[in-house]
Each structure stands twice: as structure tokens, then as C-alpha cells.
Amino acid sequence: MNNQTIIQTTGLTRRYKTLVAVNKLDLKVPAGSVYGFLGPNGAGKTTTIRMLLGLITPDEGTVRLFGEDIHTPARLNLLRRVGSLVEMPSLYLHLTGRENLEVTRRLLDADKKHIDRVLSIVNLTADADRVTKGYSLGMKQRLGLALALLNEPDLLMLDEPTNGLDPAGIHEMRELIRSLPQQHGITVFVSSHLLSEVEQVATHLGIVRKGNLIFQGTLEALQAQRPTYLHIGARQPEAAATILQKTGWQVISQNGHVNVKAASEADAATINTALIKQGIDVYHLSLVQPSLETIFLQLTGEQPEQTETH
Ligand SMILES: Nc1ncnc2c1ncn2[C@@H]1O[C@H](COP(=O)(O)OP(=O)(O)OP(=O)(O)O)[C@@H](O)[C@H]1O
Ligand SMILES: [Mg+2]
């Protein structure tokens, strides 16, 4: 099972009139991964998830779950293996947590033992017999997750599960998501508009912007997109940039300071010596590793290149 691709889409496209909400997405979600599906508001995350779940039909492209096309007669058998939480869970607020689970359990014809199992996974055992009207948002969200886990899914799709939660709720949801592949063998596909919410749990990332997949890979691969650079403060920044370019260094940006692609302290020392020899007054040198957040914001166009912080 471990080399299997759990979700694979090819050329997945969905339009709303003239708007291309999702454009030719080729997603690949490996078994056992937590796949963080990231993008700013309106990027096409929910539209994609709805297509993955067969809730809306793509205009073009295909979705394969567990290696099989979801537009085949086998579709129901495939979707039976998927749990999902898209937007707020719909709960019967006058019923207890346990009773809410019981309603869904009967619909699914699942074994009764699963109720205690999922309550324990989401840490709601102690509150199971309280009426859900009195639940906090985080508890409701966890009950939604419990509902999604009732049918013992192999794949869980979560659309912004931490939306509206306080930091403690976010932390709890994150820990829960992290435990699912390891302890329960579940592959998790989770969307968010904040990198910070998934970077601690995701093994793989897909980043969408205006319907297009602009990055897919591991966190390390994302980090490698923006290598370490040397931030140089000099009294004559333009002359310094010219000298460095002439000696073969790659100047990334220049705006009162000079940023040069460089990876080591040895590079920094070489550059420093070269500049001083040419009469440049260097007053600052630092090696900078761009944070994942900076890379993410730049990729999604929410932070311009030149204002990169260091
Ligand atoms: N039913 C619809 N009719 C018309 N346009 C739609 C519909 N659903 C989505 N869209 C548009 O498609 C684009 C993608 O929307 P989608 O909800 O998939 O984005 P999202 O990434 O989930 O955003 P958010 O972070 O706000 O949830 C948006 O421009 C949205 O306005
Ligand atoms: Mg959405």
C-alpha cells in the first residue's frame, strides 16, 4: 500500500462561466502522507475538494482515488473509503455528541463499536453525553471529524478544519491530524490558506493560486526553491552589485542593499574580501535562509520579491 498514489488528478478543470476556478490540476497524493493543500482565498481549494469527492463534476480531467477513476460504476465503493469534513459539520444541536454519531452510524450501517472508537480518537469521550448545543466551536469541529472517521476511511479530506478555531483548538486539530497516518493508517488531504497551520503536520504540499498548481512536493523541496542568500550592506550598493556580478556571483535583488546567492560562511568571507579589495565599504553581512512563510507568500503573490525580510 505504501507506494500507492491515493489521489491522482489529471488535467482537473472546473469553470464558472468565464472564471476558471480550477485549471488543469495534476495532483498526486501518496499513501500515508498528510498532504497540505494551500492557497489564498478563492484559489480553488474547495472547488477541487468537491470534485475529489464527486460532489461536483469537472469540466475536464479525471480523478483517481486508490488507483481507480471515480467516474465508474465502482464509484460508491471508492467513496465509501473516504471520510470528509467540508465546511462546518451539520450537527443536530439538540442531540448529544454520541447521539449525533449514532444517527450517522445507522445511515452507514457501521458497527456500534465505532462510536467509542472515534470519540476516543478525537478526545470527546468525556463530553460525549452532553448536548452539542453547548459544545465549543473546536468541540463541534472535532465531532465533525469523528463523524468523518466512523466508516473507518483510508482517506480523509478536510477543508480548512481549523477555520475559526482559537490557538488551543488549532493545536488540538493539528495533533489529531498528525496522529491519523501513523496510528490509524489514514492518508490525510487537508486544505488551508495558512502555511503555518499545515507546515508542522504536512509531509507534502500542493500550492494553488488562481486555480493553478504552482508547487507540489515535500516541504524540503519548497525550501530548496529559495536557497540561502547573503544579505550585504555596503555604502556603494550599486558598485558592489556590479563587482559581484562581474566575478560570477548571482545577484538576487538590489535595493539599497545587495542580496547574492551564496550558501556558506566561506562564500561570505570570499565576497567580503573581494568587495573590500575593490574599495567598497561593507558594513553588514548576513546569511539568510528565507522562511517557508516568505517563500509561500511570494509564490502566492501576497508578498513582493523586493520586500523579502531577513
Ligand atoms: N458555485 C459557484 N459559482 C460561481 N463561482 C464559484 C462557485 N464556487 C466557487 N466559485 C469561484 O471559484 C473560485 C474558487 O473558489 P473556491 O471556493 O474553490 O476557493 P477556495 O480556495 O476554497 O477559497 P476560500 O479560501 O475562500 O475557501 C472563486 O473565485 C469563487 O468565487
Ligand atoms: Mg474554500
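Reader: Hi! At what angle do the axes of helix α3 and helix α4 cross?

Author: At roughly 130 degrees, with the axes of α3 (residues 97-108) and α4 (residues 113-121) coming within 10 Å. Keep in mind that this is a predicted model.

Reader: Is the crossing of α3 and α4 left-handed or right-handed?

Author: The crossing of α3 and α4 is right-handed.

Reader: Which residues make the contact?

Author: On α3 they are Arg 98, Leu 101, Glu 102 and Arg 105, and on α4 they are His 114, Ile 115 and Val 118. Sorted by class, the contact of α3 with α4 has three nonpolar residues, one polar and three charged.

Reader: Let me zoom out a bit. How is the chain divided?

Author: Into domain 1, covering 5-223, and domain 2, covering 227-289. Their C-alpha centres lie 46 Å apart.

Reader: I see a sheet with six strands. What's the order?

Author: The order is β7-β8-β9-β4-β10-β11, in an open sheet with mixed pairing. At the edges sit β7 (82-86) and β11 (212-218), each pairing on one side only. Neighbouring strands here are turned by 15 degrees against each other on average, ignoring direction.

Reader: Now β4 and β9: do they run parallel or antiparallel?

Author: Parallel: five bridges join β4 (residues 34-38) to β9 (residues 187-192). Across that pair, Leu 38 stands opposite Ser 192 of β9.

Reader: And which strands does helix α1 touch?

Author: Helix α1 (residues 45-52) packs on the sheet and touches β4, β7, β8 (155-159), β9 and β10 (204-209). Its direction makes about 150 degrees with that of β8.

Reader: What about α5, where does that lie?

Author: Helix α5 (residues 137-149) lies across β7 and β8, and runs at about 155 degrees to β7.

Reader: At what angle do α5 and α6 pack?

Author: About 20 degrees, with the axes of α5 and α6 (residues 167-184) 10 Å apart. Angles under 35 degrees count as roughly parallel, so α5 and α6 are roughly parallel to each other. Their crossing is right-handed.

Reader: Which residues meet there?

Author: From α5 you have Leu 137, Gly 138, Gln 141 and Leu 145, and they meet Gly 169, Glu 172, Met 173 and Leu 176 of α6. By class, the residues of this contact divide into four nonpolar, three polar and one charged.

Reader: Back to the strands. How many bridges are there between β10 and β11?

Author: Six, and β10 and β11 pair in the antiparallel sense. Leu 205 has Gly 217 in β11 as its bridge partner. The two strands form a hairpin with two residues between them, and Lys 210 in the turn has a positive phi of about 45 degrees.

Reader: What do β5 and β6 form?

Author: They form a hairpin, also with two residues between the strands, and Phe 66 in the turn has a positive phi of about 50 degrees. Two bridges join β5 to β6 (residues 68-69), and the strands run antiparallel.

Reader: How many bridges join β1 to β5?

Author: Five, joining β1 (residues 5-16) to β5 (residues 60-65), with the strands running antiparallel. Within that pairing, the bridge partner of Gln 8 is Arg 64 in β5.

Reader: Last topic: the four-strand sheet. What's the order there?

Author: The order is β13-β14-β12-β15, in an open sheet with antiparallel pairing. Its edge strands are β13 (251-254) and β15 (282-288), each pairing on one side only. From one strand to the next, the twist averages 20 degrees.

Reader: Which residue stands opposite Leu 230?

Author: Val 260 in β14. Strands β12 (residues 229-234) and β14 (residues 258-261) pair in the antiparallel sense over four bridges.

Reader: And which helix packs on that sheet?

Author: Helix α10 (residues 265-277), which touches β12, β14 and β15. The direction of α10 makes about 160 degrees with that of β15.

Conventions:
Residues are numbered from 1 along each chain as its sequence is written. Chains are lettered from A and ligands numbered from 1 in the order in which they are written. This is a predicted model: local features need pLDDT of at least 70, side-chain atom pairs count only at pLDDT 80 or more; totals for chains, interfaces and linings use all residues. Axes are lines fitted to C-alpha atoms, for helices over the stretch in contact, and angles run from 0 to 180 degrees between N-to-C directions. A crossing is left-handed if the near helix is turned anticlockwise from the far one by less than a right angle, and right-handed if clockwise. Two residues are in contact if their C-beta atoms, placed from the backbone, lie within 7 Å. Ala, Val, Leu, Ile, Met, Phe, Trp, Tyr, Cys and Pro count as nonpolar, Asp, Glu, Lys and Arg as charged, and the others, Gly among them, as polar. Domain bounds come from an automatic or database domain assignment. Two strands pair if DSSP finds at least two bridges between them. Angles under 35 degrees count as roughly parallel, over 145 as roughly antiparallel, 65 to 115 as roughly perpendicular and the rest as oblique.
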